Structures are given as C-alpha cells and as structure tokens.
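Okay, thanks for making time, everyone. I'd like to walk you through one model today, rings to begin with and then a pair of helices.

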Amino acid sequence: MGIQFKDVSFAYKGLKVNYDAIRHINLKIKDKGEFIAIVGQTGSGKSTLVQHMNALLLPSSGNVVVFGQNLPPKKKEKINYLRQKVGLVFQFPEYQLFEETILKDIMFGPKNFKSTEDEARVMAKKAASIVGIDESLYEQSPFRISGGQMRRVAIAGILAMEPEILVLDEPTRGLDPRGRNDLMAIFRELHEKENKTIILISHDMDLVSEYAKRVIVLKDGNLVFDGTKETLFEHKDFDSFHLDFPTPLKILKHLEKEIGIPYQPKYDFNSLLSYLKEVAHE
Ligand SMILES: Nc1ncnc2c1ncn2[C@@H]1O[C@H](COP(=O)(O)OP(=O)(O)O)[C@@H](O)[C@H]1O
Ligand SMILES: [Mg+2]
C-alpha cells in the first residue's frame with residue numbers, strides 16, 4: 001500500500017475553534033498505477049488532505065500510513081525519506097523558486113535528500129529534460145523565464161527526487177490551454193511509461209474526465225465519493241457534489257435531447273469525435 005488514511009480529521013488551530021478542515025477520511029491509494037483526481041469546491045479540504053500525504057500536516061485525530069510508515073515517523077530522518085517517496089507539487093509552485101540558476105533550483109531537492117552534488121546534477125538534468133527545460137536555460141535565473149517555464153522548473157525540482165507517488169495541487173491553474181495540455185502530457189507519460197501513481201487536484205472537469213481513472217470528491221471536509229469516473233458521472237447524487245459535467249458529456253447529453261443521437265459516455269474530445277463520426281456514417 002502506498003498511502004492509507006484511517007479515520008483522519010484535521011483542524012487548523014486558529015479562530016475557527018473545533019472546525020475540521022477534513023473529517024473522518026478513510027482512503028487507500030496504491031503505490032503504483034493509480035491516476036486519481038481529487039475534486040470539490042474551494043475550501044472543501046483538498047489541499048489540506050494532500051498535505052497529510054507527506055507529513056506537512058499531521059492529523060488531529062486518526063492515522064496516516066505512507067509506505068508502511070505511520071506518521072509522524074519516530075525517527076526524524078524518516079521524514080526526508082518519505083518526502084522523497086511522495087513528491088508534492090504545491091499550488092503555484094513557481095513562488096517557491098529561489099536559487100540563482102535554474103539547474104541549481106532543480107538540484108536542491110536531490111541534494112537535500114542524500115545525493116552527492118554530481119548525482120544531484122544528473123537527476124536534475126534528467127528531470128529538466130522530462131519537463132522540456134532546454135540545456136541552454138540551465139545557467140539562467142529562474143526569475144527571468146516565462147510563468148509557464150517557471151512552473152516547469154518547479155515541477156522538475158520535485159521530479160528530480162524521483163518520487164514514487166506524485167501529488168499535484170492544481171498544477172495547470174492559470175496556464176493557457178496549450179500549457180495545460182503540454183503539462184498534462186508529461187504527467188500522463190510518467191503514469192503510462194513508469195506506472196507512477198499520480199494524484200491530481202483539479203477544478204477542471206474536462207481534464208479530470210480525460211485523465212483520471214479514479215475520482216475522490218470532497219465536500220465540506222467530508223469524502224463523499226471515491227470511485228471510477230464512469231461511476232461518478234452517472235451517480236444519482238451527482239448534483240449534490242456541486243461539480244460540473246465534463247464538456248464531452250454535456251455535448252452528448254445535449255445531442256441526445258435535441259437530435260436523438262443515443263447518449264454514450266465519452267470522456268475526452270477524441271472519443272467524442274470518433275463516436276460522432278461513427279453515428280454520422282450509420
Ligand atoms: N492555513 C490555514 N489556516 C486556517 N484555516 C485554513 C488554512 N488553510 C486552509 N484553511 C481552511 O480549511 C478549509 C479547507 O481548505 P483547503 O484545504 O485549502 O481547501 P481546498 O484546497 O479544497 O480549497 C477551508 O475552510 C479553509 O479556509
Ligand atoms: Mg486548495
């Protein structure tokens with residue numbers, strides 16, 4: 001088992017006394033082969049949930065077990081081991097760039113986690129190439145490149161640690177459609193070629209529908225759905241989740257209603273188009 005939540009609740013200490021940002025969460029995530037989307041309205045607890053996955057937050061009650069390790073581990077060094085295994089990319093990760101050069105920034109993680117300077121450099125270069133950061137940029141300042149590139153550099157910094165599980169908190173937020181698709185293609189490749197478990201927080205239901213196999217829905221800190229996307233979009237309580245339908249499903253529902261094309265769920269545009277071509281030729 002990669003990650004397990006056992007009846008986990010968490011309350012931020014502060015003004016809202018006894019207010020649990022996540023409540024009684026039970027969850028099992030495999031260390032390989034999963035592509036999970038976490039969705040829910042703003043404030044539903046998505047970011048709070050994923051920050052438990054590498055011990056940035058510790059439960060107020062309940063247990064989180066990651067790669068067999070109960071959190072927090074007794075030995076402090078184990079935290080580093082764990083943060084290497086579960087790579088967490090924050091929202092707007094580019095805000096956390098800080099080194100003088102792009103390569104140094106990407107090397108920071110692996111250098112911190114045991115590797116020698118030379119090893120860290122090799123790992124950083126590999127990660128840079130995965131996200132499409134060209135060698136010619138290595139010695140440049142991370143603050144003098146475009147926002148999209150900055151985000152890639154920040155993501156490379158996590159990939160350079162070669163995490164087994166990659167957790168992404170709204171990685172495509174604020175990107176244009178092209179940047180969004182390019183980035184998603186990188187995650188898909190990591191998932192398909194290396195069978196990596198990807199956990200993706202997103203508001204973009206088109207993206208969830210196209211990429212995720214499993215979806216977890218949070219509402220007011222409660223886990224209200226955990227299952228395949230196929231089941232989610234047919235769920236009788238779907239409206240109560242306050243989610244949007246993905247565009248291909250909306251189009252297909254519309255076409256059935258307006259011109260009688262039989263509804264068949266298609267989760268991305270290519271499948272939608274193939275289906276419509278099929279229907280047109282009948
Ligand atoms: N650092 C914090 N201090 C106090 N409350 C917080 C903090 N971060 C988030 N919250 C509150 O916890 C709840 C869940 O927030 P969050 O996990 O960020 O949700 P989401 O990522 O789904 O938007 C919200 O009510 C939010 O206001
Ligand atoms: Mg959030």
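**Rings and a helix pair**

So, the aromatic pairs: the count comes to ten. Keep in mind that this is a predicted model.

Let me pick out Phe92 and Tyr95, which form a stacked pair, 5.6 Å centre to centre with 20° between the planes. How exposed are these two? Phe92 is partly exposed, at a relative accessible area of 26%, while Tyr95 is exposed, at 66%.

Now look over at Phe238 and Phe245. Their ring centres are 4.2 Å apart and the planes sit at 20°, so this pair is stacked as well, given that planes under 30 degrees apart count as stacked. Phe238 is buried, with a relative accessible area of 2%.

Okay, on to the helices. How do α5 and α6 cross? The axes of α5, residues 147-159, and α6, residues 177-194, come within 12 Å and cross at roughly 15°. That makes α5 roughly parallel to α6, because angles under 35 degrees fall in that class. The crossing is right-handed.

Who makes the contact? On α5 we have Arg151, Arg152, Ile155 and Leu159. On α6, the residues are Asp182, Leu183, Ile186, Phe187 and Leu190.

Conventions
Residues numbered from 1 in each chain as written. Chains lettered and ligands numbered in written order. Predicted model: local features only at pLDDT ≥ 70, side-chain atom pairs only at ≥ 80, totals over all residues. Heavy atoms only, no water. Axes fitted to C-alpha atoms, helices over the stretch in contact; angles between N-to-C directions. Helix = DSSP H or I, 4+ residues; strand = E, 2+ residues; numbered from the N terminus. Parallel < 35°, antiparallel > 145°, perpendicular 65-115°, else oblique. Left-handed = near helix turned anticlockwise from the far one by under 90°. Contact = heavy atoms within 4.5 Å. Phe/Tyr/Trp six-rings, centres within 6.5 Å; stacked < 30°, edge-to-face > 60°. Buried < 20%, exposed > 50% of the residue type's maximum accessible area, 1.4 Å probe, protein only.
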